[in-house]
Amino acid sequence: MKLENTKSIRKIQSFVKRSGRLTEGQKYGLKELWPNFGIDPKAGQLINFDVVFQKQQPVFLEIGFGNGDSLLEMAINEPHHNFLGIEVYEAGVGRLINEAHKHNLGNLRVLKEDAVEILKDNISDDSLSGFQLYFADPWHKKKHHKRRIVQTEFMNLISKKLINKGFVHMATDWENYAEYMMEVLEAHPHFKNTLSAHTYSLRPERRPITKFERRGERLGHGVWDLLFTNEK
């Protein structure tokens with residue numbers, strides 16, 4: 001099945017760019033440590049992973065890492081993988097960079113840009129081994145569903161950037177959004193559920209449980225994990 005030309009993808013405003021007071025540590029991370037961990041992409045220029053990372057190894061992309069706790073833990077626990085995080089929340093970016101510096105991580109790099117534009121303009125096709133999307137804004141009101149980042153057009157783009165057999169791992173604490181994501185992924189010609197049809201996965205051990213998630217569990221909220229592979 002021929003996928004839609006990525007140039008025709010409408011802009012998905014799937015986030016609200018929040019600004020607020022930054023701590024001194026977050027400011028330090030954003031300014032002083034940015035050259036070591038941040039990437040400033042140039043329009044139309046592909047990011048060379050062999051240059052930006054210290055080692056040539058599989059690259060996992062996470063979009064919307066929030067305060068960065070889970071992404072940091074994964075980078076620490078998996079030194080044999082490279083992690084690329086995209087987030088527009090400056091406080092979270094600054095915090096993550098600070099923590100990455102403390103742990104002297106060479107396998108974690110950060111972009112503070114619109115994820116869709118980065119994927120279209122700066123990420124090579126067949127270059128990512130995995131894609132992670134954890135607790136994205138569900139835009140739960142029906143009139144806002146068009147803002148959800150998980151759309152068929154967006155998954156077309158993800159499929160192009162992933163290698164064959166690369167993984168997609170999504171998690172949400174909104175059951176309606178989980179059902180929606182399952183529907184989008186299972187309807188896509190290139191994504192295959194690692195379990196049987198319509199089946200959610202148990203949380204893989206490699207995905208850390210965040211403070212946000214623990215708080216939700218105490219309140220009785222469920223969490224749904226979806227694990228798919230890219231089959232080209």
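Are F131 and F154 buried or exposed? Both F131 and F154 are buried, where buried stands for under 20% relative accessible area, exposed for over 50% and partly exposed for values in between, with a 1.4 Å probe and protein chains only. The model is a predicted one, in which local features need pLDDT of at least 70, side-chain atom pairs count only at pLDDT 80 or more, and totals for chains, interfaces and linings use all residues. Residues are numbered from 1 along each chain as its sequence is written, and side-chain values rest on heavy atoms, with hydrogens and water left out.

Five aromatic pairs turn up in a search of the whole structure; rings of Phe, Tyr and Trp (its six-membered ring) pair if their centres lie within 6.5 Å, and planes under 30 degrees apart count as stacked, over 60 as edge-to-face and the rest as tilted. The ring centres of F131 and F154 are 6.0 Å apart and the planes meet at 65°, so this pair is edge-to-face. Helices (H or I, at least four residues) and strands (E, at least two) are DSSP runs, numbered from the N terminus.

Seven of the 10 residues of α7 are buried, so the helix is largely enclosed by the rest of the structure. The buried residues of α7 are F154, M155, N156, L157, I158, S159 and K161.

Returning to the rings, F131 and F154 are both buried. The rings of Y177 and Y180 have centres 6.0 Å apart and planes at 25°, so this pair is stacked. Y177 and Y180 are three residues apart in helix α8 (residues 175-187), which means that about one helical turn separates them. Y177 is buried, with a relative accessible area of 1%, and Y180 counts as buried at 19%. The face of Y180 also has R148 lying over it, 4.9 Å from the ring centre; a charge sits over a ring if NZ of Lys or CZ of Arg is within 6 Å of the ring centre and within 35 degrees of the ring normal. In another such arrangement, the charged end of R207 sits over the ring of Y134, 5.7 Å from its centre.

One aromatic cluster is formed by F60, F83 and F167. Among the residues that E78 touches are F60 and F83, together with N107 and R206, leaving out residues up to four places away in sequence; contact means heavy atoms within 4.5 Å. E78 lies in the loop between α4 and β2 (82-86) and is buried, with a relative accessible area of 8%.

The loop between β1 (59-63) and α4 (69-77) holds G66. This glycine, G66, counts as partly exposed at 22% relative accessibility. Apart from neighbours within four places in sequence, G66 is in contact with E87, Y89 and G92. From C-alpha to C-alpha, G66 and L195 are 28 Å apart in space and 129 residues apart in sequence.

Backbone angles bring two further residues into view. W139 has a phi near 40°, a positive value in a residue other than glycine. W139 is in the loop between β4 and α7 and counts as buried at 9% relative accessibility. K165 also has a positive phi, near 75°, and is likewise a residue other than glycine. K165 is placed in strand β5 (residues 162-172) and is exposed, with a relative accessible area of 53%.

Strand β7 (residues 224-230) contains W224. Not counting residues up to four places away in sequence, W224 touches M170, A171, T172, D173, W174, E175, A178 and Y200.
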